[in-house]
Each structure stands twice: as C-alpha cells, then as structure tokens.
Amino acid sequence: MRLLPYGTGFGGVAVGVSCKGKFSLDAGVPVKEDKVILSHAHLDHTRYSPGKRVYATLPTLALSRILLTDAKSLDPSLPWTIQELQKSLTKAVYKPYEVSFELEGATITFFNASHILGSSLIKIECDNKELLYTGDLGTSSFLLDHWHNNVPKAENLIIEGSYLCEDRPSAKKEWSKLYMFLKKNLGSGPVLIATNAVGKAQEVLKFLINYKDSLPLNHIVLEGMAVDATKVYDDMLEYLSRSEVISWLNGSRKKLMDFVVVPKTLGERKNLARPGTVVVAPSGSLSGGMSVWWVLKGIRYVTMGHLFEPASKLLEGERVEIEDPLGNKGVVRGPDLHLKISRHASRQELFHFISKSGANRVFLFHGDKACLRSVAKEYGFEILEDGREVEL
Ligand SMILES: [Zn+2]
Ligand SMILES: [Zn+2]
C-alpha cells in the first residue's frame, strides 16, 4: 500500500492511497483520484469532493451537501458546479459503521470517530497491510457515543494532531462556566452563543435543553445553516448516542428542533431580543452569518473553540469592524465569555487512541507543524508531508 499526501495542514487534508487501484481519503485539497472516501462533512475534508465518486456515511453526505452549497455561494471560484455536487450526492455510496465494503482491491470499514454526526475513522486493509485513518478525532459529546470503547486495531495509523501540544481545560469545567454565565446574565438580557453550524451548535443546543429548567431560559433561537444541520442530527437517530436511541425506544425522545425557535424576519428577531433568550448562531468567528447581526445589536455574546478572524482579533482585545449579511457594519468589542470547547480529541485522548490502536507505525498530520515535529521526535512517530510518498 502506498500513500500520497496531497494536503496535511490545517487548511485542507487529503491523502491518496494506492492499493490494487487508487482512491483518496478526504478531498480538502484537490486530488487526482476519482474515488474519494470522506471521513466527515467539514469543508477542510470535503471542499474538492464534488465531481468525484464519493464513499461516506449517510449523515456525512447530508451535512456535506449543506456545507458545500454554502461554500460555493461564498466562493464561486471553487472548481465545481452545484450540478456536479448534486450528481456526486446522487451517485454516492453510503455505508454504515462497521460494515466492510470493497473498493479498488481494498477492504474499507468505517468506525465512529465521535467528532460530528456520521464522522468516521476509516480502516483500510489491502495487500495484507492495515491502515487506520482518523480524519478528525472527536471527544466527549452530549449527543454522540465516545470512541474509547471501540478503537479498531491497525499496524499503521494516520492520526490528526490539532490538540497534540495544547492542554485545554476539561470540557466539564468549560460547560459549567457557560452555565454560570447564563444563570447570571440571562435575567437581564438576551445572550448570543456564536458557534460553528455543524457539530458545536448541536452540542450547545443539547446542553441548553439539558439545563433549561434550572436556568432563566425562555427561548432558544436557532439561526442559519445550524437549522439545516440540526434537522440532520434529528433525522439520523442511528448515529446518535445509545441513550438517544433508548429514549426513542421508550417513546420519550424529543428532537432538538422541538425546543428551538427559528425566526424568519427581522421583526421576529427584535421581538425575541429580550431577557430569557439564548441565540445559537453561526458563524462562530463572526466572519458572516446572523451571529454578526446579533453582536451588532449589542447583546452579550459567547464564543467557543478555535477562532479565525475577525473573532480571533477581538479575543486579543482589539476592537474590530464586522459586517452582517444585510450589509450593516459596526465596530465591536470582544466576547463577554470565551470557552475552550472543541470537537477535537485532547492531547491525552490522542495518546490514548494511539496506544489502543496498537499501531507500530504512527503518522501525524493535520496539526501545527512545529508541534507535530517535536512530538514525532520524542515518541518515534512519523509525519505526513505534502507531496512526500510513503510505502507501507
Ligand atoms: Zn472536522
Ligand atoms: Zn479537520
């Protein structure tokens, strides 16, 4: 088995695999192969997949349709058309977790990666070699089962390293900070939680639903792309945690969408801008979307996880001009609260995963290059580099 890494950084990832035939793992950057296996729907893994024959779980396909359609509207120069996206989805091959299938002489199996709905670890067996590819490795979740009881074994492992050199506080501690903040502030005005549309927004919703009775919470407002993504979470029960499935079997399951208000007009939004309202809106970095409209209204706001501009600058204490989708502009201050909440495995979880996989060759990718180099040196791992082929 040979690997040809096309993209290994934060911007976009893709790794070509040559077995008897060829295919690519993810397509966050352009790839030569015409068959692509997607680990999950986030754009840094899917941006160049339209026009290819795609293999993925069903939620990955549904969520990637939402994200790719939006990406094309923001960047018409992407080298594919909406018709090609539709065609890729129509012809896509979807497979559940832990049911193997054959592709180009290789046996492929998806396993739950706990990152976002439908996210997969991809195991490839070919020429008597085994390779496990993590895509983005997830962490504890209110909605998804954790991978820790089900790490597949493989002699070769490609693992992401987003948090390999960063210790972040426990998720429990960060969520309790949000709880205290809402308890203190919701009574005097609305609060915005600016977040990514796919993955984090649904975790925030589940958190709010779990604690709504002990908070002064009257309305949860959901905005933009997070609405479509939340409907996919609601529809794909089989990919949610076992406790969600059991509550459905018991007849007590409520969907996330049952708890939210989706405003259609500015008038409705103005009405909802009052104490007791929590708004969950993308984008998480205030680069666009209705989160910007709410921040420009001057309400208290919370950010979370890794931020890009302009929110990253606001976090550093700069005052920055932001623009909402209606063209309103304004200079704003930083968030009232920033939480270090991520959908990526922590440093400790990454090491735990490596040891459970039993791999004797470990390749790091999708992280800060200097960090990956220092960890590789210390532990005898290797690094995937763009354009440098690896023979397994
Ligand atoms: Zn991701
Ligand atoms: Zn990623």
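Start with α2 and α6: P59, A62, L63, I66 and D70 in α2 meet M225, D228, A229 and V232 in α6. Contact here means C-beta atoms, placed from the backbone, within 7 Å. Helices (H or I, at least four residues) and strands (E, at least two) are DSSP runs, numbered from the N terminus.

This is a predicted model: local features need pLDDT of at least 70, side-chain atom pairs count only at pLDDT 80 or more, and totals for chains, interfaces and linings use all residues. Residues are numbered from 1 along each chain as its sequence is written, while chains are lettered from A and ligands numbered from 1 in the order in which they are written.

**Select 58–74: helix α2**

Helix α2 packs on α6 at about 170°, axes 10 Å apart. Axes are lines fitted to C-alpha atoms, for helices over the stretch in contact; angles run from 0 to 180 degrees between N-to-C directions. The pair is therefore roughly antiparallel (under 35 degrees is roughly parallel, over 145 roughly antiparallel, 65 to 115 roughly perpendicular, the rest oblique). The contact of α2 with α6 has seven nonpolar, no polar and two charged residues. Ala, Val, Leu, Ile, Met, Phe, Trp, Tyr, Cys and Pro count as nonpolar; Asp, Glu, Lys and Arg as charged; the others, Gly among them, as polar.

Show A201, Q202 and L205 in α5; they meet A226, A229, T230 and Y233 in α6. By class, this contact has five nonpolar, two polar and no charged residues.

**Now the sheet**

Seven strands form an open sheet, ordered β7-β8-β9-β10-β11-β20-β21, with mixed pairing. Strands pair if DSSP finds at least two bridges between them. Which strands stand at the edges? Select 101–103 (β7) and 382–383 (β21): each has a single partner strand, so one side of each is left without a neighbour in the sheet.

Move to β10 (129–133) and β11 (156–160). They run parallel, joined by three bridges. L132 has L157 in β11 as its bridge partner. Next, select 347–357, helix α11. It lies across β10, β11 and β20 (361–365), at about 170° to β11.

**Zoom out: two domains**

Color 2–166 + 343–391 as domain 1 and 171–339 as domain 2. The bounds come from an automatic or database domain assignment. The C-alpha centres of the two domains lie 28 Å apart. Their contact takes 21 residues from domain 1 and 20 residues from domain 2. The domain 1 side has twelve nonpolar, six polar and three charged residues.

Definitions and conventions: Two residues are in contact if their C-beta atoms, placed from the backbone, lie within 7 Å.
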